[in-house]
Amino acid sequence: MRKRKKADPAITKLREERKRKKIWRDIKRLTKLQNQLKPLDEMEVPYALVDEPEKYARERVTISDDLFCEREDLLQEWSVYKAKRHSRDLQMIERIDAAQEKALDQLQLASQRLFDEAVKVDDTFLPFTVDGPTDTPPIKDFDSPQGDYKDCTKTWEAPVVPEMDKKLKKQRLEARKAELAQAKDE
């Protein structure tokens with residue numbers, strides 16, 4: 001085996017510094033690519049809409065001032081009506097609740113046993129039973145797909161920087177060569 005020449009420490013330091021700078025540049029490049037968002041098919045506008053907007057555009061309808069004012073008045077009246085109806089419903093619920101509370105208080109004073117029976121939950125008040133088939137009946141003349149499954153899941157990968165990919169492959173190759181050389185030396 002040949003003896004290796006000793007390298008100048010200043011030169012090796014410069015080489016290492018250059019490698020570090022290259023790695024930092026590549027990391028910055030990758031972080032810029034990292035911020036790219038995954039495309040959503042639902043958000044893409046079909047080309048037919050982009051190419052022919054006049055075909056899908058609606059004509060603007062003009063409304064007369066009288067009709068506009070009439071609609072505004074009608075909307076205002078409807079809002080007032082619904083607000084009054086809502087407050088009436090709330091008052092009625094409060095009156096019914098207060099009457100029920102008063103009746104329960106008087107019942108409790110009269111008889112505790114009757115009060116407990118009145119407060120107890122009655123499961124038969126709203127019975128819920130379901131009768132029907134437990135299994136789905138088979139469909140006549142159904143051609144089964146025989147377990148074939150076609151995966152149509154859309155995948156998206158971040159774009160790869162070609163220079164970065166080449167550098168990484170080269171670095172891996174050099175590291176592998178260095179490992180093999182070191183293994184031979186041992």
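Reply: Happy to! Helices here are DSSP runs of H or I with at least four residues, and strands are runs of E with at least two, numbered from the N terminus. Please keep in mind that this is a predicted model. Counted that way, the protein chain has six helices and zero strands, so its order from the N terminus is simply α-α-α-α-α-α.

The C-alpha trace spans about 110 × 65 × 60 Å along its principal axes. The radius of gyration of the protein chain is 40 Å, whereas a compact globule of 186 residues would have one near 16 Å. Buried residues account for 3% of the 186 residues. The accessible surface amounts to about 19900 Å², and carbon and sulfur atoms contribute 56% of that.

Now to the positive patch. Its members are R15, R18, K19, K21, K22, R25 and K170. Helix α1, which covers residues 9-34, supplies the largest share, six residues. K170 belongs to helix α6, residues 162-185. Is K170 buried or exposed? K170 has 55% relative accessibility, and because exposed means over 50%, K170 counts as exposed.

The negative patch on the surface gathers D65, D66, E70, E72, D73 and E77. Among them, D66 is placed in helix α4, which runs over residues 65-110. D66 has a relative accessible area of 65%, so D66 is exposed too under that over-50% cut-off.

For the charges of the whole protein chain, there are 40 positive and 39 negative ones, and their mean positions lie 20 Å apart.

There is also a nonpolar patch to consider. V45, L49, V50 and Y56 make this surface patch, with an area of about 370 Å². One of these residues, Y56, lies in helix α3, residues 53-56. With a relative accessible area of 45%, Y56 falls between the 20% and 50% cut-offs, and therefore Y56 is partly exposed.

How values were computed:
Residues numbered from 1 in each chain as written. Predicted model: local features only at pLDDT ≥ 70, side-chain atom pairs only at ≥ 80, totals over all residues. Heavy atoms only, no water. Patch = residues over 30% accessible without salt bridge, like charges linked within 9 Å, V, L, I, M, F, W, Y side chains within 5 Å. Areas by Shrake-Rupley, 256 points an atom, 1.4 Å probe, with all protein chains shown as cover. Salt bridge = Lys/Arg side-chain N within 4 Å of Asp/Glu carboxyl O. Buried < 20%, exposed > 50% of the residue type's maximum accessible area, 1.4 Å probe, protein only. Rg over C-alpha atoms; globule rule 2.2 N^0.38 Å. Lys, Arg positive; Asp, Glu negative; His and termini not counted. Charge placed at Lys NZ, Arg CZ, Asp CG, Glu CD.
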